[in-house]
Amino acid sequence: MRILSGIQPSGILHAGNYFGMMKPSIELQEQGEAFYFIADYHSMTSLTDANLRREYTKRVAIDFLACGLDPEKAVLFKQSDVPEHVELSWILSSLCPMGLLERCHSYKDKIAKGISPNHGLFAYPVLMAADILIYDADVVPVGQDQKQHVEVTRDLANKFNDQYGETFVVPEPRIRRDVAKVPGTDGAKMSKSYNNTIDIFGEEKAIKKRIMSIVMDSRGMDEPKPDAEENNAIQILKNVADEQTYNETVELLKAGGYGYGHVKKKLFEVYWEHFAPARKRREELLANMDYVDQVLREGAEKARGIASVVNKRARAACGLE
Ligand code: ATP
Ligand code: MG
């Protein structure tokens, strides 16, 4: 089984990235041949500061390694080190009906949030299809927001195979129901570009401040809250707490007499503790940046070895060779 997933260096990584994509990806590295990339081409659709892109790209590598990505088991690389992704994207683009992209929610959500709609943002799912198909990937671990994009990938793979003969593996999304959509501090999907994130590796004070700012409803402390599971802070707590702590907190809220301030304080304590081992590994990595650079260099080489073969297969199938 080959596994493929990517993450954009469009900002600082957050709990939604971790539980939706990084943690499942790290677990899957034990079960197959895993390829994880830092989607720097994709980040160009929303980030236009070159230095920030460089900095965030490094940070994604450090943070992913700190969280447990093992370069002995999984290939970690930077998307633009494998320019074949872009060639295949053009090939697929020419088979992609406009309507398929016009229906994509992620694009519509982003422009609704005020991100200016450029062609790259509109065509994002086509590049993503190329990212996946160029590794003959079987499984794609992602959050719910990417489900539709993996469906576009499947459509494009089938279209190409119908038009030019069997060339691509048709991949399956792997979405964990319990972490499909981690809410941000405002209750919308936590996103780097929505300013509603809780960082994985922020300063203690800053993380506490973000957690204390999570939007709750206006019910008073004494009021019982039968819908406690729906609460934004509780949904995040579910990911970081052990079952007993989670159940106790939910029961306290349901019974009434337990305020939202208490919930947030508990969430902060558990959250900070949850990432303590990763924080320690991250300190070690920061002192050894040569190692991080080497991981990316070797990753790019391995990735390119596969991508160039699949790209050649596609070029031959459609008459470019
Ligand atoms: P941007 O706002 O720039 O799109 P993002 O925070 O959405 O950034 P991406 O790099 O687009 O992050 O996504 C990386 C992975 O993280 C994807 O698999 C995506 O599904 C997953 N992911 C992102 N946000 C969440 C979330 N709130 N809950 C679950 N998974 C998420
Ligand atoms: Mg996104």
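Two residues are in contact here if their C-beta atoms, placed from the backbone, lie within 7 Å. Two more terms: helices (H or I, at least four residues) and strands (E, at least two) are DSSP runs, numbered from the N terminus. A residue is buried if 20 or more other C-beta atoms lie within 10 Å of its own, exposed if 12 or fewer, and partly exposed in between, again with C-beta atoms placed from the backbone.

The model is predicted: local features need pLDDT of at least 70 and side-chain atom pairs count only at pLDDT 80 or more, while totals for chains, interfaces and linings use all residues. Residues are numbered from 1 along each chain as its sequence is written, and chains are lettered from A and ligands numbered from 1 in the order in which they are written.

Domains to begin with. The chain is divided into domain 1, residues 2-182 + 289-317, and domain 2, residues 202-274; these bounds come from an automatic or database domain assignment. The C-alpha centres of domain 1 and domain 2 are 33 Å apart.

Next, helix 4. Its buried residues are E84, H85, L88, S89, I91 and L92. They sit on the same side of helix 4, because they cover an arc of only 165 degrees around the axis, the arc being that of the directions from the helix axis to the C-beta atoms. Among the elements covering them are helix 2 (40-43), helix 7, helix 8 and helix 14 (289-317).

Helix 8 comes next. The expected span is 1.5 Å times one less than the number of residues. In helix 8, H149, V150, V152, T153, L156 and F160 are buried. Their arc is only 150 degrees around the axis, which puts them on the same side of helix 8. N158 and D162, on the other side, are exposed. The cover over the buried residues of helix 8 includes helix 4 (84-93), helix 7 (119-133), strand 4 (139-141) and strand 5 (172-174). After helix 8 comes G165, with a positive phi near 100 degrees.

Helix 11, residues 243-255, has 13 residues and runs 18 Å from first C-alpha to last, close to the 18 Å expected. Just after helix 11, G256 has a positive phi of about 90 degrees.

Most residues other than glycine have a negative phi. D136 is not a glycine, yet its phi is positive, about 50 degrees. D136 is in the loop between helix 7 and strand 4, and counts as partly exposed because it has 18 C-beta neighbours inside 10 Å. N195, also not a glycine, has a positive phi near 55 degrees. N195 lies in the loop between strand 5 and helix 9 (204-212), and with 11 C-beta neighbours inside 10 Å it counts as exposed.

Last, the ligand. Which residues come nearest to ligand 1? Of the 20 around it, they are Q8, G16, G20, G143 and S193, where a residue is near if its C-beta atom, placed from the backbone, lies within 6 Å. Helix 1, residues 15-28, gives the most to this shell, with four residues.
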